[in-house]
Amino acid sequence: MRCNRLLVRAALLLPITLLPASPPQSNTKLVHKTKYSMGTVYEIAAYDQSPAHAERAIEEAFAEIARLDEVLSNYKPESELSQLNRNAHFHRVRVSPDLYRVIEESLKYSRLSEGKFDITVAPLVDLWKAALRGERGPSEADQQEARACAGYEKIELIPPDTIEFHSPCMRIDVGSIGKGYAVDRAVEILRRNGINSALVDAGQSSIYGVGAPPGKPAWEVHLRDPSKRVDPTVMLRDNSVSTSEQTPASLLGNENAGHIIDPDNGKPLESKYALSIIAKTATASDALSTTLLLVGPEKGKEIVKQIAEAAAIWVSRDGETQRVTTGPEIRLAGELQKEQGELKTVRDGESVRSSREKQ
Amino acid sequence: MRMLRRVGIVVLVMAASAAGLPAKIYIQWTQSSMPAPRVLGVSNLVIPWSDEAQSLLANAKKQGYRVYWEATLAQSQAVAEASANSGVAGLMLQGSTAEETQLEEAASKLRVKYPKLKIMVLSGAGKQPEMRGWLVFQRDGILQVSSPTSQPWLDQNLSMVRYERAFERGQAPLYSFSWDVSDPLIKENGPNPGSYALAVAEAGAFHADLVLQLHEAQQKGLATGDPQTLEDWARVRRTISFYERGDGEKEAAAVAVLADDYDTCYEEINLMARHNIPFQVFESAEVKGQDLAGFSVVIAFAALGSELTKQIQAFAQQGGTAVLTNLPGNYPWDSDSGGKKTDHAVTYTVGKGRVIELGEQVSDPETFAQDIRRLMVKQQVPVSLWNSLTTLVAEYPGNKPGEASVELVNYDEEPTDVQVQVRGNFVSARYENPERGCCQELKLSHVDGFTDFVVPNVVSGGRVHLSTAGNQKPEARPTRSGE
């Protein structure tokens, strides 16, 4: 038997480039821990003079993520969200500050995207998830029925802590924002414990950089590049990046599905892009990543321009890139120098202007 | 394919295994002193060949252990000669994966020359079972790559075990692995009991034999009777004891994989195992007439000769789905119709079924595995898990009709509840595990010919006994501990 697992694993993690050498300060130690929650692996890597202290802080942060899973889970029947989904059609329901904040934030992005970001598409998502598992694709009638249940405007928030659904069959799923919210709460706990250098990662899709690693200006993160050509990177320092991409197309030609549903037509989104967005909080980047993938580059750039200290990049499978920023810089491979007011990007060998220069 | 398919009765395929008996755990020992077998919980020790091997052997035999020597290819002849009259139980030949063919040849020759000596080949392809994160630590920093949300990455040995089962003749899949000691604490103190328990549970659940490497600190702690080490080891010992028993001999499968070379299919079957796709590997030259009957999908990674082409065609004509991966050729179905072309594949309708020719190497094993999952006919899938992304499963139909068992392995360090769906209408499900013993009755529900239940609080692993005949105590299981 012969195999080369390391190469295979490395291939799955592409793009890989070595980080510039810069030895960490000798008085800090790296502590890295993982925790399974919300259907993925959370990871925290923290530098601190006391590994035991860092370990305790990380465990406290993980405990907070686990607590939030009990609040936000769409799978656990006794989660606070599941209880809300069962009862809010019938009467107003008082909820915890966390659930209220997540839904309040979600509605903000729903309005910002004119409904493209919508946490009420859970019935549609469930239909298409079944198709992803190999069950038959949903019928038009099934889709129509599920679409009738959806609509963010049917959620009523009654401050400070009460929610009511104005639809008899609405269910909400905060999967497109909940992990980001959990990352932000974990970051709060790390900071409260005096951890000033850490990377918090929710299954690769939402990553927050607390401070910077020792001896470096920021956390360097490579962004998803389906073309494997442009290798976009960003330096995180007290901000977050999130990435969204539709489920890859089938290799064997069987019917495609997808986990990101377009609320406009109730069907899986068709997009050639992977989208990464940098924002000040992981809640924002998580919600915006889905939003910007759904609306595409043209409208997406307009949305990003309304947000301070944000940047986004759309990368297609053939290496086309589109970028926009109101602060953070996303760099591509080979982009050694930045000309004032202009970033150069390569598309099929042709030099094109990025969105930034249009601002 | 059998006529039974035509009348809608699905035959669960019993994966032919060289040895379907429960796992046998060997402990690799390197320290001069050792505890009694009852402390360790095993009676089989593996001692790497060295200058001290003879004295270790004497010591171990005095304690009552059955001892196997572990030798490299270069050492094999000399160690076999030394073994002949030394009272060792056997010899394990180990080497790199590249040496495996030579190891097999050497083992065959030695078996002829020393018929009383048990000669085994120890696979070097094992890996430490664990749930991993995605951060990659490098000497000068951390590499992080953003992506859409990823499922937990499980380093598991199930795919390797299934592959070995097809190719290793005369012995159960036997493997070992080295612990990752990059963490300074683990380097000093050794893996934690949970890691050892997971390794044992994995081998046990998948009916493979494992040479468990025991860290020096734990060897010394056990040999000297250190209370903390003994307390920690008690969990591992319970797990070893639990997996000395097991139900069924042949794992149920819905997908047949035809392969000749691990390299050509490694990552595909790795992802299929990780996604709980029940498959059986066949060496392509060994596929016989009815071997493919009852499978839902056949995947060919190996070139098809004329005989195998006929079998694939017959399989598809009876309603099956065959997938050919990057195997260009002139096949009989090519001329039947133009085929339906997509970006990567052409699908030919063949009788009641189809043949899908993927015209390139698998570029994305994850998507490929998801595709195979979608291609399986639901009624032919023996077992599925829901919302249990850290757990792998294997189902073993019982020796009596109406009985089956389900083995679960949880790769997360924390216990998890596992939602299981098993094909068949069972009326009793009794759960046992190393921590709480036997048995907890599980609540069942039935949907469309499947039985659903939730297994609570799976730590490293556990076993569910299913029966269509109501509550039955698990019978005494076969054991290999007394070999």
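Author: Helix α4 (residues 97-112) of chain A packs with α8(A) at an angle of about 0 degrees, the axes lying 10 Å apart. The model is predicted, local features need pLDDT of at least 70, side-chain atom pairs count only at pLDDT 80 or more, and totals for chains, interfaces and linings use all residues. Residues are numbered from 1 along each chain as its sequence is written, with chains lettered from A and ligands numbered from 1 in the order in which they are written.

Reader: How is the angle between α4(A) and α8(A) to be described?

Author: Two packed helices are described by the angle between their axes and the distance between the axes. Here α4(A) is roughly parallel to α8(A), a term for angles under 35 degrees.

Reader: Which residues of α4(A) and α8(A) meet?

Author: E105(A), S106(A), Y109(A) and L112(A) of α4(A) meet T283(A), A287(A), L288(A), T291(A) and I303(A) of α8(A); contact requires C-beta atoms, placed from the backbone, within 7 Å.

Reader: Which residues touch the most other members of the largest nonpolar core?

Author: Nonpolar side chains tend to be buried together in soluble globular proteins. Among the 234 residues of this core, those touching the most other members are A46(A), V200(B), V255(B), V257(B), L258(B) and V298(B). A core joins buried Ala, Val, Leu, Ile, Met, Phe, Trp, Tyr and Cys residues through C-beta atoms within 7 Å; buried means 20 or more other C-beta atoms within 10 Å of the residue's own.

Reader: Which residues does V200(B) touch?

Author: Not counting residues up to four places away in sequence, V200(B) touches I25(B), L210(B), L212(B), V236(B), T239(B), I240(B) and Y243(B).

Notes. A residue is buried if 20 or more other C-beta atoms lie within 10 Å of its own, exposed if 12 or fewer, and partly exposed in between; C-beta atoms are placed from the backbone. Two residues are in contact if their C-beta atoms, placed from the backbone, lie within 7 Å. Axes are lines fitted to C-alpha atoms, for helices over the stretch in contact, and angles run from 0 to 180 degrees between N-to-C directions. Helices (H or I, at least four residues) and strands (E, at least two) are DSSP runs, numbered from the N terminus. Angles under 35 degrees count as roughly parallel, over 145 as roughly antiparallel, 65 to 115 as roughly perpendicular and the rest as oblique.
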